[in-house]
Amino acid sequence: GTAVSCCLQVPDWFLRTSPYAVLQTFQYSLFYNHLKNIEENEGGLDKFSKSYKTFGVNQFVDGGIYCKEWAPGAEAVFLAGDFNGWNPFSHPYKKMEYGKWELFIPPGQDGYPPVPHGSKLKVVIRAQNGELLYRISPWARYVVRDEDKVNYDWVHWSPPQSYIHKHPSPKRLKSLRIYESHVGIASPEGKVASYKNFTYNVLPRIKDLGYNCVQLMAIMEHAYYASFGYQVTSFFAASSRYGTPDDLKEMIDIAHSMGITVLLDVVHSHASKNSEDGLNKFDGTDSCFFHSGHRGNHQLWDSRLFDYANWEVLRFLLSNLRMWIEDYRFDGFRFDGVTSMLYHHHGIGTGFSGDYNEYFGLHVDEDALCYLMLANHMIKFLHPECITIAEDVSGMPALCRPVAEGGGGFDYRLAMAIPDKWIQIIKELKDEDWNMGNIVHTLTNRRYEEKYIAYAESHDQALVGDKTLAFRLMDAEMYTNMSVLSPLTPVIDRGIQLHKMIRLITHALGGESYLNFMGNEFGHPEWLDFPRRGNNESYHYARRQFNLTEDHLLRYRFLNAFDRDMNKWEEKFGWLASPPAYVSEKHESNKVIAFERAGLIFIFNFHPYQSYVDYRVVIFKYEILLDSDAAEYGGHQRLDHSTEYFSEEYPHNYRPNSLMVSKIFFFILLSSELLLKFFGQIWSLFWEYLGEG
C-alpha cells in the first residue's frame, strides 16, 4: 500500500490569500479521499496502477492467456482473431462485478501459447441493441495498419525475448535543456523516419548540441499522422509507423547510455473520436471512458473528454503512466492540454489576467485536477527520479508545488507567454519600437517558487499557418541568401543576429529549464506540414533538414554552433539551476538589457543601428569568452580577444563597481564571485549585434 498523511501543509503565502485557501484545502481533501478509497478497495496505489499487467491480453509464464476488459455497457464480450479462425463466439468472457469481463485460455500442447505472437485480435462486443462491434482492446500494446487499409489492426505483442535494457536512467538533472522531438520527421528524407534512425542519427546530434533531455512527441499510437500525435487512439501502444516496441526501448536505452533523459509527451486531456480503432464507444455506449453528451466532446479539438471521476478511468490513466515508465523506461512526462483539463470551459474564449477568481470556483474541473494530483503523487512515490511538466497557459497557482501543500505536484510548467511575446514583437513592431521593460517583464513574470521551462519557440510555431522565428525574421531571403558565397544582406544579417539574441536571453532569463524544437536551433527554413489531402499527401514539409548544418557553404552552421556553445556554457555555469536573475538595467532609449545570474553578467544591445563606445556597465573584470563576431559564428572578426578590462569604484545601477565598455553590442560577463572561485581564471562571452552603427 501507499502510506499517506492527511495533513495539508498549506504554505504561508497561500494562507494570506484566504478565502482561496479554503478551496485549496477542499481540493486536497478530494485527492486524499480518492487515495484512501484506492487503499481500502484496491490494496493501494501500487497495485491499482499495475493494472496494465492484468487488463487487456496478457500471457502467463506457462503460456496461458488471461484477458480482462471493462465494458459496462456490453451485453456480452468475446475474443476473436487469427487463433480461432475469427469465430466471434467461441471464446466468451465471463461477466464480473462493476462492468468487468474476464477470459482465461489455457496453454496449448507442449506449453505453446494459444494466441501466437504477431497474430491479430479483436474484442467482440455485443451491444445493448444486439449489434456486434469489433473493437481493439483499450490496453492493446501494439497496433498496425496495412497500406491498403484505413483502420488499424490489433496485433498481439508477446515476443519470445523482449528487449533487455542495459543502461540505467540518468540521475535527476539540475539544469534541464530539452530537445523537443518527433521521430517521424527526424530525417531530411521525405518519408516517415524510424526509431532506428533516431537512435543512430539524431541522438548523437542532440548530445553534441549540449541538450541533456529529449521530449518525444507522437509516441502514443494515433491513427491520423497529421494530428502531430495529439489524437491518440491506442494509449498503451507505441506508434508502429516508426518501428516495433523493442526499437523504441532500444532508442531510450541508447539515450540513457549518453546521459540523456527521455520524456514522453503524454496526452490524457482527450482522445480521438475513432471507434473502430480507438476508445470511443468501446462498449457501444456514448460514455464508458468519457462523459456522455455535450460534456464528453471538445468543440475545438473534435475529440472525446475523459470522465476523471470514474474509478476505471483513473485505473486506466494511472496504469498508462506506469506502463510507459516501467516497460519503456521513460524518465517522466510532459502532460499535454492541462489547461483544457483544469476548467470546464477548457480555456476556450477565456483570458487569464492572474485574478485568483479565475482559478478557483465552480468553473474548475475538480475531478481532473484531482487526477493530476493522483498522477503526480503516484509518480513521485513509485519513481521519485521522474520529471513531470504541465502545459498550462492559464497560470493556475500552485500547479508546480508539492501535492502535500495542496499543489498539483508538477516539477515544471511551460512558460507559454514567452514565444507568444516574441512573435508579437517581431510581427507587429519596428526594431526601434521594441520595449525593453515589456521583454524583461514577460521573461521574468512567473510564480514564486514554481519552476518554468522557457522557450523562444516550440513545435506550435513551426506548424503550417504559422512561422518559426527564423522564417519570420528572414522569410523569402532564406531561399536565396543563406549561402556564404552570396552577399550578407541586411535582412539575413539582422535575422541571424536576432535569432541568437532572442534564444540566449530566453535561455538565461526566462526560466529554470530551456526547450528547443528540433531543427529550430539552426533556423530551420519553412514550416511543418504533415502529408494530408490538402497537400497531396506530400512529405516535403514533414522532415528536418539536418544536412543544412553540414554544408559549410550555408550560414545555418553558424546558428547551430552558437546554440551548441550556449548549451555547453550553461552546463559549465548552471544558470538554469540558479536563483532568478537580478535585472540591473532595461534602458528604453539605448535598447540595452543587463542582468546577473549564476555569477554571470549578461548584457544585450537590441538597438537596431546604435553601437556604444565607453558604455558603463556593472562588472569587475572580464575578457572575451565566446564571441559571436568570430568567424565560426559567421561574424566579422573585429574584436581583439587579448584585451582585458578592469572596473573602478564607481557606483552604477545599485552596484559599487562598474567600468566603461569600449564597445557594446551584446555580452555575457563573469562577476567577481566567480573570479575568486576560479582564482583569477576570467572568462566572458562577447557578441556584436549589427555592426558598429
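Student: How far apart are the end C-alpha atoms of helix α4 (residues 195-209)?

Tutor: This is a predicted model, in which local features need pLDDT of at least 70 and side-chain atom pairs count only at pLDDT 80 or more, while totals for chains, interfaces and linings use all residues. Residues are numbered from 1 along each chain as its sequence is written, and side-chain values use heavy atoms, without hydrogens and water. Helices (H or I, at least four residues) and strands (E, at least two) are DSSP runs, numbered from the N terminus. The expected span is 1.5 Å times one less than the number of residues, so the 15 residues of α4 should span 21 Å, which agrees with the distance between its end C-alpha atoms, 20 Å.

Student: At which residue does α4 bend?

Tutor: The bend at a residue is the angle between axes fitted to the seven residues ending there and the seven starting there. In α4 the angle is about 40°, and the proline P204 follows within four residues of the bend, which is at V202.

Student: Why is β11 described as largely enclosed by the rest of the structure, and how many of its residues are buried?

Tutor: In a regular strand the side chains alternate between the two faces of the sheet. From β11, C213, Q215 and M217 point one way and V214 and L216 the other way, and all are buried. The strand is largely enclosed because the buried residues number five of the five.

Student: Which residue of β11 is the bridge partner of S181?

Tutor: Two strands pair if DSSP finds at least two bridges between them. Five bridges join β10 to β11, and these strands run parallel. In β11, the partner of S181 is L216.

Student: In what order do the eight strands close into a barrel?

Tutor: Strands of a sheet pair through backbone hydrogen bonds, either parallel or antiparallel. Here the pairing is parallel, and the order is β10-β11-β14-β17-β18-β19-β20-β21.

Technical notes: Buried means under 20% relative accessible area, exposed over 50%, partly exposed in between (1.4 Å probe, protein chains only).
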